[in-house]
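Subject: Structure handover

Dear colleague,

I am passing the structure on to you here, together with notes on what turned up when it was examined. Please keep it open beside this message as you read.

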Amino acid sequence: MTIDIQANSIELGETIIKIDGLNKWYGQFHVLKDINLDVKRGERIVICGPSGSGKSTLIRCINRLEVHQEGSIVVDGILLTEDTKHINDVRREVGMVFQHFNLFPHLTVLENCTLALIWVRKMPKKEAEEIAMRYLERVKIPEQSQKYPGQLSGGQQQRVAIARSLCMNPRVMLFDEPTSALDPEMISEVLDVMVGLAEDGMTMLCVTHEMGFARKVANRVIFMDEGQIVEQNEPEAFFNHPQNDRTRLFLSQILQH
Amino acid sequence: MTDRVRIPLHRDPKARAIAIQLIALSLVVYGAYSLFQTTVGNLVARGIQTGTSFFDEVAPFNIGFSPLLDFKLGESTYIEVFFIGIQNTILVSILGIVAATVLGFIVGVVRLSPNWLASKVALCYIEIFRNVPLLLQIMFWNFAIFLPSLPAPKNSIEIGSFYLNARGLHMPTPIIDNSSGFILWALTLALLTFGLFIFARRAKVRFEETGRRLPVFSINFFAFVFCGFIFYKICGSPLAFDIPELGRFNFKGGGQLPLPLFSLWFALTVYTAAFIAENVRAGIQSVSHGQTEASHALGMSRRDTVRLVVIPQALRVIIPPTISQFLNLTKNSSLAVAVGFEEIVAVWAGISLNQTGQALIIIAMTIAVYECLSLLTSAFLNWYNRRIQLSEL
């Protein structure tokens, strides 16, 4: 990556996500233990931690793909409850990119991008297609718009998935291990797109093990283990002077190669 | 230097394949030849003349139910019996396929419902009707349920000019009373249909241009029914109705849906729907949960997610095995013999064969009919299947 963003170089705005005393169980298993997290507008947060530590579950709670049992989550002033209207309102504001892309295989790349614009935003088809093409250009694959997802490489599919989320003009983007299902040579094309997003001031929460990305882009790195936030800090401090033993162990394991 | 390595013939896969195929082919040819010889020999020994000459003989029995082709006792010939048999087989198959598809789809979706009770009811339905032999089910509905619970013709249940009794449903049939008025009405209906078609096209264009949607289906449906009725009155009510009347023993006039047709249709529907429901369940479950999550994450409603994301993908898994169920239903309609519905096996391979003794040709023709129906059905559905399957490499 050539672009380097100085941490804190962008002025951070008001709180956009506020998580208070969040607890979640899968049956008997306590996945998230008393999580408190505030995210400011324009903030770029990288969440890392060993597998099973609850990182994915945490960001999936933010657009209620997972239901939490205790605590409160407020996104852009909307409290997440059972109320389906509130849930849909939040989901319109929050884009999500999945590890396995989850593109709709029966629709073309362009149709993948316009589907929600047409059926959620009730937008005319032509206008929706213009917006979709704009974002496909931004992720540098406008020429693939008429193809089906199965005809694209993993990296291209993930870029389409990012464009599909961006079409809804979200205020927050959630990334759930966006590069872990990709071949090594395709990781950078996806990370480049994400860096570009960060430069434009998008609020991002990203679960990833790409520590180079975290160093360059994040203004906060969060380390989770066993359902708790163990440590959080600015990337320089986080990587160079980790405070907690578990953080040190984790970093030594993923950085030693 | 040798550029080819010699392989002994019995280890050369190509030579082995040719040898095996030659042996198999000669066995099949020998089998067919000896079958033919035996048949011809037996026919000659018994002095049976095979041929199609009996086609034009008058059939000495009555056929009670034939909605489209006319049958007159003492005038109609055997070949007409054959076509009436085909007609009735096709009729009950189409009715059964439509009903079984609708019911199967509903049960399959309910089976996956998060509601515990609904899901278990669907499960019971599937396990009961899938596991009991169809012949037993047909006889159960006809002889144990419908026949005893419906009254004799004298005490028919009366709904308007419709009469329901143990022989079936008697109903009025339309007769063209005023032919110029009828033609006028038919023309206005054709124009109306065309107009509504144009409207639907316009509504689609408008949706793509402005994003606003109209309930096209309900508008068209009510417009068709309402305007159709108004035009009917304007054209001077060109239809008269032949209303069934109770005679000494039975109803005269009007049309009749015989009880055996209903029992057969009902049994075929509930039996086949159980299998289709399982196909539907498997199809929906084959769509990965990630697809639903991605759609929800975009803010799509549950209904739009099912309609635009899940069902189109599930159909690709649902259709191929469901084609087999349609074919099964068509072939299973031959069990009508048990309740006396007059489809091809009952009237052609049954009564006609007994009367004429022409087993060879009659059985061959019956086989050919099922073969054709099955091939036509699967050809049509395979075409449809290819159309929806073209994407996704």
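Predicted model: local features only at pLDDT ≥ 70, side-chain atom pairs only at ≥ 80, totals over all residues.

A search over all chains of the whole structure finds zero disulfides. C167(A) counts as buried, with a relative accessibility of 4%. In chain B, the sulfur of C227(B) has its closest cysteine sulfur in C235(B), at 12 Å, which is again too far for a bond; C227(B) is partly exposed, its relative accessible area being 23%.

Turning to the sheet, chain A holds an open sheet of six strands with mixed pairing, in the order β6-β7-β8-β3-β9-β10. Its edges are formed by β6 (94-97) and β10 (228-233) of chain A, each of which has a single partner strand, so that one side of each is left without a neighbour in the sheet. From one strand to the next, the twist averages 20°. Strand β9 of chain A, residues 220-225, runs antiparallel to β10(A) and is joined to that strand by five bridges, and D225(A) stands opposite Q228(A) in β10(A).

Two helices of chain A pack on this sheet, and their directions relative to β6(A) are given here. Helix α2 (residues 84-93) touches β6 and β7 (172-176) of chain A, and its direction makes about 65° with that of β6(A). Helix α5 (residues 154-167) likewise touches β6 and β7 of chain A, while its direction makes about 170° with that of β6(A).

Finally, the nonpolar cores. The largest has 97 residues, of which I162(A) and L205(A) touch the most other members, and its largest share, nine residues, comes from helix α6 (residues 184-199) of chain A. Leaving aside residues up to four places away in sequence, I162(A) touches V97(A), M173(A), F175(A), V190(A), V193(A), M194(A) and L197(A). There is also a second, separate core of 40 residues, which includes I138(B), V287(B), V310(B) and A314(B).

With best wishes

Conventions: Residues numbered from 1 in each chain as written. Chains lettered and ligands numbered in written order. Heavy atoms only, no water. Disulfide = S-S within 2.5 Å. Buried < 20%, exposed > 50% of the residue type's maximum accessible area, 1.4 Å probe, protein only. Pairing = 2+ DSSP bridges. Helix = DSSP H or I, 4+ residues; strand = E, 2+ residues; numbered from the N terminus. Axes fitted to C-alpha atoms, helices over the stretch in contact; angles between N-to-C directions. Contact = heavy atoms within 4.5 Å. Core = buried A, V, L, I, M, F, W, Y, C linked by side-chain atoms within 4.5 Å.
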